[in-house]
Amino acid sequence: MEEQEQRLEHIRELRKKAMRLPLHPGVYIMHDKTGKIIYIGKAKALKNRVSQYFGSEKNHDEKVRRMVSNVEYFEYILTDSEFEALVLECSLIKQHTPKYNILLKDDKGYHYIKVTRGPWPRISQAKQMLDDGADYIGPFVSSWATKESVDEALKIFRLPSCSRRFPQDIGKGRPCLNYYIKQCSAPCQGKISQEDYNEAVKEAIDFLRGGSAECVRSLTKKMEEAAENLEFERAARIRDRLAAIKRMSDRQKVVALKVPEQDIIALAQGPERNCFEVFRFMNGRLCDRETYLMGEIGEPEAARSEFIERYYSMRDRVPPRVSLDAPAADMDLLSEWLSQKAGRKVTVYVPQKGEQAQLVEMCRNNAAEQLAQSVGRTGREASALDELARLLGMAHPPAYIEAYDISNLAGGDNVAGMVVFENGRPLKSAYRKFKIKTVVGQDDYGSMREVIGRRLQEYFDQKDSGEGFGRLPDLILLDGGKGHVSAVRPILEASGLDIALFGMVKDDKHRTRAIAEDGGEIAINSNRKAFTLVSSIQEEVHRFAIGYHRQTRKKNTLTSTLTEIEGIGETRARALLRHFRTLTAIREADLAELEAAPGMTKPAARKVYVHFHGEEVPQKP
């Protein structure tokens with residue numbers, strides 16, 4: 001306790017020092033107890049920016065809170081402009097690599113295409129040249145482009161990509177799927193002669209060295225010569241290779257751009273990990289892609305800005321256009337910095353429609369897929385949560401979602417159901433049922449207030465466990481419109497908990513139509529992935545709540561049937577149902593079984609037996 005008070009006092013001292021800083025552009029440098037630099041930032045007005053760190057913790061995300069808790073002291077450097085502060089910040093971060101700045105590992109080493117020697121040569125990608133007697137083509141800068149080129153060459157010329165060795169493995173085992181889909185000539189089964197195989201390898205190498213245009217000219221000439229010499233099988237084989245090259249070219253045109261050169265950067269966020277994806281275009285075609293997985297990044301706008309600074313600090317080539325999936329902090333400043341670095345105008349912007357918006361969406365989907373693969377989810381789930389977060393204005397995708405629905409019949413048998421979706425999937429072990437206790441009659445707003453109030457109270461009772469009700473959701477969804485949201489909002493605010501709250505609105509056909517907030521509705525039909533996720537949640541919570549309502553109503557009906565019997569009240573009726581499970585089992589039970597049931601007496605058991613059998617039970621002598 002004393003240590004915590006000392007830390008708070010230290011933070012107050014740091015804030016006093018920060019409040020004495022000038023309202024001037026500059027760079028601030030945070031140090032820990034050992035004097036090590038742990039964070040470097042820039043500011044348009046040093047006093048305003050630095051003092052924010054030592055204010056209320058509620059205004060900070062987890063990354064900033066952790067950084068501030070380790071700050072022992074800070075220093076600063078004044079600059080003449082915010083632009084100079086940016087340039088200095090980039091230089092200092094590159095020099096000191098502080099722990100809490102976004103740091104990117106530059107793994108853009110050289111890559112090669114390896115061609116083994118021997119009677120059955122193989123083509124593959126290699127990270128370095130070895131003294132192993134093979135031939136190497138390269139070097140190439142992009143690992144992705146090298147792999148794509150090798151994959152294309154193997155498919156076009158129907159060369160094996162498996163680990164089988166030739167001629168040792170010829171005739172052993174059955175051909176793989178690639179043979180049946182015409183992507184391999186199956187030398188493992190002797191489906192191609194050694195001479196034809198080596199010709200295919202030579203043509204593949206020509207394709208990799210000279211590109212598709214030069215290869216097409218060469219193959220066309222060979223096809224014509226074969227046809228003139230009446231070598232129709234050879235001509236047909238070359239024709240098939242030309243057709244495969246054309247198919248590959250047509251596939252590449254899918255991502256061909258009207259803008260010859262540009263980069264596209266997108267961010268996919270997760271509860272613990274985040275992913276930046278970069279698509280690089282040259283000559284109107286996708287030439288490279290890079291993926292950067294990282295931990296906490298803080299506020300997304302600031303993170304995008306910091307990522308761009310780090311990324312282009314490592315790159316010599318800066319394209320004339322950088323397209324982003326969402327705004328970054330200080331975009332005009334970034335454009336100015338990149339323009340100076342490139343020696344020409346560079347535009348940083350967020351496309352809203354058309355081809356550019358579609359390409360940004362493709363980049364974002366790939367980022368979501370990479371993130372999903374890293375945490376064991378599907379790309380669809382990660383994309384849906386990311387899209388939902390952006391739609392609702394949430395800083396991070398909601399990893400833990402709770403949804404609530406009220407179910408009753410004309411105000412009777414009033415119950416509620418809660419379902420949980422974790423990382424976009426139902427978490428059935430966390431589902432809960434509520435029997436409404438304080439609301440009489442049909443009052444859905446009052447019932448929802450009671451349920452949310454009880455749930456939050458359970459959190460305060462169990463928060464030390466961190467499980468079940470002891471875990472707070474990132475998002476609460478209510479099956480209802482803005483009236484439900486407005487009714488529940490005061491309960492949430494009174495608790496002091498910061499949880500996103502929205503409603504799920506249905507159309508007249510009971511299908512999801514929109515998301516409700518206090519001030520109105522947010523249309524989600526155009527956001528396909530988020531729409532599908534919210535629809536699934538709404539259907540699931542409705543199914544769960546109405547199932548519990550039917551179960552309760554049936555049980556109450558059975559209980560009322562038993563309470564018609566003299567000497568059987570509600571408590572005894574419920575005990576009988578718990579013991580025998582069904583009314584049929586009670587009806588078929590003999591007298592001894594009824595007498596042995598919990599809470600039963602011999603006179604009461606006789607009454608139940610007579611009620612169902614219509615005859616007096618003989619008295620025992």
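Tyr28 lies in strand E1, which spans residues 26–31, where helices (H or I, at least four residues) and strands (E, at least two) are DSSP runs numbered from the N terminus. The model is a predicted one, in which local features need pLDDT of at least 70 and side-chain atom pairs count only at pLDDT 80 or more, while totals for chains, interfaces and linings use all residues. Residues are numbered from 1 along each chain as its sequence is written, and side-chain values use heavy atoms, with hydrogens and water left out.

With a relative accessibility of 1%, Tyr28 counts as buried; buried means under 20% relative accessible area, exposed over 50%, and partly exposed in between, for a 1.4 Å probe and protein chains only. Leaving aside residues up to four places away in sequence, Tyr28 touches Tyr39, Ile40, Gly41, Lys42, Ala43, Leu46, Arg49, Val50, Tyr53, Glu75 and Tyr76, contact being heavy atoms within 4.5 Å. The side chains of Tyr28 and Tyr53 are also joined by a polar contact of 2.7 Å, that is, a pair of N or O atoms within 3.5 Å, of which, within protein, one must be able to donate a hydrogen and the other to accept it, and residues adjacent in sequence count only if both atoms are side-chain atoms. By contrast, the C-alpha atoms of Tyr28 and Gln128, 100 residues apart along the chain, are separated by 41 Å.

The next topic is helix packing. The axes of H4 and helix H9 (residues 300–313) come within 10 Å and cross at roughly 65°, where axes are lines fitted to C-alpha atoms, for helices over the stretch in contact, and angles run from 0 to 180 degrees between N-to-C directions. H4 is therefore roughly perpendicular to H9, given that angles under 35 degrees count as roughly parallel, over 145 as roughly antiparallel, 65 to 115 as roughly perpendicular and the rest as oblique. Leu86, Glu89, Cys90, Ile93 and Lys94 of H4 meet Glu309, Arg310 and Ser313 of H9 in this contact.

Helix H13 (residues 444–462) and helix H14 (residues 482–495) pack at an angle of about 25°, with their axes 9 Å apart, and are therefore roughly parallel to each other. On the H13 side the contact is made by Asp444, Tyr445, Met448, Arg449, Ile452, Gly453, Leu456 and Phe460, and on the H14 side by Gly483, His484, Ala487, Val488, Ile491, Leu492 and Ser495.

Some backbone features deserve attention as well. Most residues other than glycine have a negative phi, and most peptide bonds are trans. Thr97, although not a glycine, has a positive phi of about 40°; Thr97 is placed in the loop between helix H4 (82–96) and strand E4 (111–115) and, at 48% relative accessibility, counts as partly exposed. Asp330 likewise has a positive phi, near 55°, and is found in the loop between strand E10 (321–324) and helix H10 (331–342), where Asp330 is partly exposed with a relative accessible area of 35%. The peptide bond from Phe166 to Pro167 is cis, with omega near 10°, and Pro167 belongs to the loop between helix H5 (143–156) and helix H6 (177–180).

Helix H16 (residues 570–580) has Ala573, Ala575, Leu576, Leu577 and Phe580 as its buried residues, and H16 is followed by Arg581, whose phi is positive, near 75°.
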